[in-house]
Amino acid sequence: MAGQKLLLVLIILISTCIFALCWAFMIIVWHQEYVILPDHVVDLITRYPTVLTLISTVISTILSVTTTALLSFAVKKAINHYITRPISLVELHTAIALTKPQPLLRWNHYKLSFFTLIFVCLVALLNSSWTTLLLPTPLLWPVPIEGRELYLSSNAFDVKLGLDTTKSGNYQNGYDILDIMSSMSGTSASRSAVAGGSDSVFAFNGVLYNISSSGILPAVEDYAGTSLHPGGIGLEYYGGKVAVNTSVVEDRGHFGLTRNYTVTQRGLSAIITCSDLSDLDPNEFSLNFTSTNSSNTTWWQGTASCPLGTGSGYWSTEENDSIGFLGIIVCPTPVFVNGNVTSFDILLQGMGQYNFLDATVCKVAPYATSFDVTYSQAMISVDQHPLRPIQPLQYNVTAFISFVVSGLTSSSQTTYSNPLGQLLRLSRLNTTSSVNETLANYFRGIIEFSATYLRCAYSAEGASTNSTMQDLYSNAEAFIPLNGTMHILTYGWDRKRPTYIYILCVFVVIWTVTVSAAVYSLIQERTHPRTGPTFDASNPVHLMMASSAGGLETLAGFEDNGALANERARVRLLDGRGVAPDDAVGEKTSARPTRSTMPRFEIVP
């Protein structure tokens, strides 16, 4: 019997070790929130996905078979001791079924049937439970990122911009880039079908923006664009690498399969409302164009007035009635350093091919606010949250934006046509949006790009160490914190799986039953040691041998539903001398058992 006790102790230890390892793994997952596989393992998984399934299935099958075997052995030993006390035959049937394990489906004993069914289901779920626990799955691992970016609405930046506009410098390259890219940014943001509609893409400095840049600067190194050294900084900037001032809080050295980012950044946009000049107060707004012809050339002069001041413009076109002229005037004329406006108006009118556009006024109010920026699949998408507060711009930043729009009004008009006029003419074919909506989106795209250019110009690589930028970079007011999340697609485990609750329930029940059954058997072995041969109630041969020893002669036969009547009969197992173990303790057991003294059942009244 010492060997049986040792085996029961081993069952307790092995079951507890397996259960402890399971709990330890769950605690690690709960503590770390995400348990991520190394990149080289993830690479192997993506290359050989069926191998992962095979390995996890084999391991979980081994663990399932092991835990089931331990459970069955412990339950069998416990039942062998339990049947030495009075027990009905249907309960004996149930006890034997639990050692298989198999359900007892008898409607006249629904409680026992339900109990065995639950028990068998838990055992059957062991394999799936281990597989669910051990099999790593694809997941998006969120990793915080932090940093800072240039704050265009700050007084420190506004002062620096004002000073730079009054200094002499080689700004022509920067102005050329602004003229080229502004028209493209406006066309992309117009959402016109001819420009790609809502699927349009705007590219600048090696960075792809969905529809428009929204005044943001890439905050992620992987999306920072070109790696070429910038040709200049400040207003001399015309392209090149920009510095990214963000860092990952902790990625544990994992790169994963893919990465995408969501960052809350400070962007810049504008509230733009366009309406016919005839609908406004003529005392506040006016627009006039005059033309003179000379040597097959028409010279145009435009003047405009608005509540904020006045503006003017000059153009030349061919002397031809079929030409397209779109006169655009920014009001008031941009003024740096001494400016005092934070908004402006755009007045425009089409002639010739564009005579469908009557005199129109677009009121522009630029503002800064927080945007949700998504970096995914080499594309930057910007979404403004409608409830976030907006902040008016400083004077010089507003003046710079209006200066960019004003420059475009002159450079975009050729001697024969105007790109914006062509866009408006084609947009009339789209009945889902009006000409005024196209105008508002077009100018909004230009304004947002102007802000992106400023951020790039003053965040270019080397700007932070340049002597001309020290006043700006040494001023903490010129920068604003940003934060976001990097989502790494990889393989592993995370604590947000609700299936872990189901897994733990199964494991806890199985471990509890196994250990309880083994402990019960150890207690019975100590208090009521067996004196005869070992009896196994789950062994049909042992049952037949015990039945043949006599004691069950009064049971009914198979006729007249005798089986149902016998289920209520109560029996108990006697030890090798015809007495129950409770009565055998302390008596001599040196005699060798004979057939008449073998284990047998007796009916209990």
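This is a short tour of a predicted model, stop by stop, with something to select at each one.

**Stop 1: the start of the chain**

Begin by selecting helix α1, residues 2-32, where you will find L10. Is L10 buried or exposed, or something in between? Its relative accessibility is 37%, so L10 counts as partly exposed.

**Stop 2: a link across the chain**

Next, select E33 and R495. These two form a salt bridge, and their closest N and O atoms are 4.0 Å apart. Where do the partners sit in the chain? E33 lies in the loop between α1 and β1 (34-36), while R495 lies in the loop between β16 (479-494) and α13 (499-527). The pair is 462 residues apart and links distant parts of the chain. Both ends are partly exposed: E33 has 27% relative accessibility, and R495 has 31%.

**Stop 3: salt bridges inside helices**

The count of salt bridges in this model comes to 4, and here are another two to look at. Select helix α2 (residues 39-47) and show the side chains of D43 and R47, which are 4 residues apart, about one turn of the helix. Their side chains meet in a salt bridge at 3.4 Å, N to O. D43 is partly exposed at 35% relative accessibility, and R47 is partly exposed too, at 49%.

Then move to helix α7, residues 155-166, and pick K160 and D164. Because they are 4 residues apart in this helix, about one helical turn separates them. K160 and D164 form a salt bridge with the closest N and O atoms 3.3 Å apart. This time K160 and D164 are both buried.

**Stop 4: a hairpin**

Select residues 286-294 (strand β8) and 297-306 (strand β9). The two strands run antiparallel and are joined by 9 bridges. For one example of a bridge, find T290, whose partner in β9 is Q301. The strands form a hairpin with 2 residues between them, and S295 in the turn has a positive phi of about 55 degrees.

**Stop 5: a buried valine**

Now select V330 in strand β11, residues 324-331. With a relative accessibility of 4%, V330 counts as buried, since buried means under 20%. Which residues does V330 touch, leaving aside those up to four places away in sequence? They are G311, F344, D345, S402, V405, S406 and T409. Try the distance tool on V330 and G407 as well: they are 77 residues apart in sequence, and their C-alpha atoms are 9.3 Å apart in space.

**Stop 6: an enclosed helix**

Select helix α11, residues 435-458. Its 24 residues reach 35 Å from the first C-alpha to the last, close to the 34 Å expected. Why is this helix described as largely enclosed by the rest of the structure? Because 21 of its 24 residues are buried.

**Stop 7: an open sheet**

Finish with an open sheet of 3 strands in the order β2-β17-β18, paired antiparallel. The edge strands, β2 (87-88) and β18 (600-604), each pair on one side only. Strand β17 (residues 570-574) pairs with β18 over 5 bridges. To see the two side by side, select L573, which stands opposite F601 in β18.

Notes. Residues numbered from 1 in each chain as written. Predicted model: local features only at pLDDT ≥ 70, side-chain atom pairs only at ≥ 80, totals over all residues. Heavy atoms only, no water. Pairing = 2+ DSSP bridges. Buried < 20%, exposed > 50% of the residue type's maximum accessible area, 1.4 Å probe, protein only. Contact = heavy atoms within 4.5 Å. Expected span 1.5 Å × (residues − 1).
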